[in-house]
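Work through the exercises below with the coordinates open. Try each task before reading its solution.

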Amino acid sequence: MGSMPSVANVVVIPRNGYANRLQAWASAAIVARTWGAPLKVCWEQEAVCPADASSLFRSAGEGSTFISSDEVEDLLGGSYEGLPRYLTHDSDSGVVTLAGHNRGEQPFMADLAQLAQQSAKALTVVFIAGGRFWLPGETAFNAKRRDFYGSINWSEPIAERVSTTAADHKPYIGIHVRGTDKSITVPTQHAMERAITAIAERSGLSSVLVAADTAQTRSQWVSWLQRQGLQPWYVKSTTHDRGSRRAGGDALVEWNLLARSTAMVFADDSHLTLLLSEGI
């Protein structure tokens, strides 16, 4: 891309659920590191994500800081809620915002990279996102994303629960199943069953972590796995009420344990994904 783009700061405002937020945070961190710019994270509470940052993380990590909504508004000169969709640039303030909404952020990344490269003024780039995005020419995004996830400075309660739970189980398969939310578009139960059977045979593992969005869905899969001669388990004392602050910690404990699995089966929208030693 030639000379280094002129970017003074990268700000990310992660949106939607916890997994989506982590994807957006990781993506912004990779972009900021590529540009040599500090990262500022504005972790706002939403109905589907009511847990605050201090209950989930010890810090924003090396080269990053948490900032408040008020600090973001100071940068933008007002609330970002009223900004136009997609990619916008205020040439006077040098602030660029990217909120992909229904299109996602990736379709705008080439234009953003060009804008940053050509700007004579140091920019502040603000991502309002709930998914993955990367700069043109990025060749190691997945590896960098996994490195970022491994560097997250989790709060002590989350880190302790993950460590204690993982220590009680031998190498395991992780499965993530949904009974609500995207249950209409995810693969059928038979497709999931075939995938789990195949990965159990391929990996030689019998221990299976079951992560689900409802207790009923989890119980159904635990029963099915037991009938297959497998050894299912799950994180105890987990709440499935997405409006509960406690649910955030529970969800991220499960997320960490899924990332530690030797093999994983999960639904990615309408597609079934099988991973061996890949993580999330």
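**Exercise 1. List the contacts of V11, leaving aside neighbours within four places in sequence, and decide whether V11 is buried or exposed.**

Solution. V11 is in contact with K40, I67, V72, L75, T124, V125, V126 and F127 once neighbours within four places in sequence are left aside. Contact means heavy atoms within 4.5 Å. Strands (E, at least two residues) and helices (H or I, at least four) are DSSP runs, numbered from the N terminus. Now check accessibility. V11 has a relative accessible area of 0% and is buried. Buried means under 20% relative accessible area, exposed over 50%, partly exposed in between (1.4 Å probe, protein chains only). Finally, take a C-alpha pair: V11 and F66 are 55 residues apart along the chain, and their C-alpha atoms are separated by 9.5 Å.

A note on the source: this is a predicted model, where local features need pLDDT of at least 70, side-chain atom pairs count only at pLDDT 80 or more, and totals for chains, interfaces and linings use all residues. Residues are numbered from 1 along each chain as its sequence is written, and side-chain values use heavy atoms, with hydrogens and water left out.

**Exercise 2. Find the buried residues of helix α4 and what covers them.**

Solution. Helix α4 spans residues 109–118, and its buried residues are M109, L112, A113 and A116. They cover an arc of only 100° around the axis, so they sit on the same side of α4. The arc is that of the directions from the helix axis to the C-beta atoms. The cover includes β1 (7–14), α1 (18–35), β4 (86–90), β5 (95–99) and β6 (123–129).

**Exercise 3. At what angle do α7 and α8 pack, and which residues meet?**

Solution. Start with the axes. Helix α7 (residues 189–203) and helix α8 (residues 215–227) pack at about 45°, with axes 12 Å apart. Axes are lines fitted to C-alpha atoms, for helices over the stretch in contact, and angles run from 0 to 180 degrees between N-to-C directions. That angle makes α7 oblique to α8. Angles under 35 degrees count as roughly parallel, over 145 as roughly antiparallel, 65 to 115 as roughly perpendicular and the rest as oblique. Then list the residues: Q189, M192, E193, I196 and T197 in α7 meet W221, W224 and L225 in α8.
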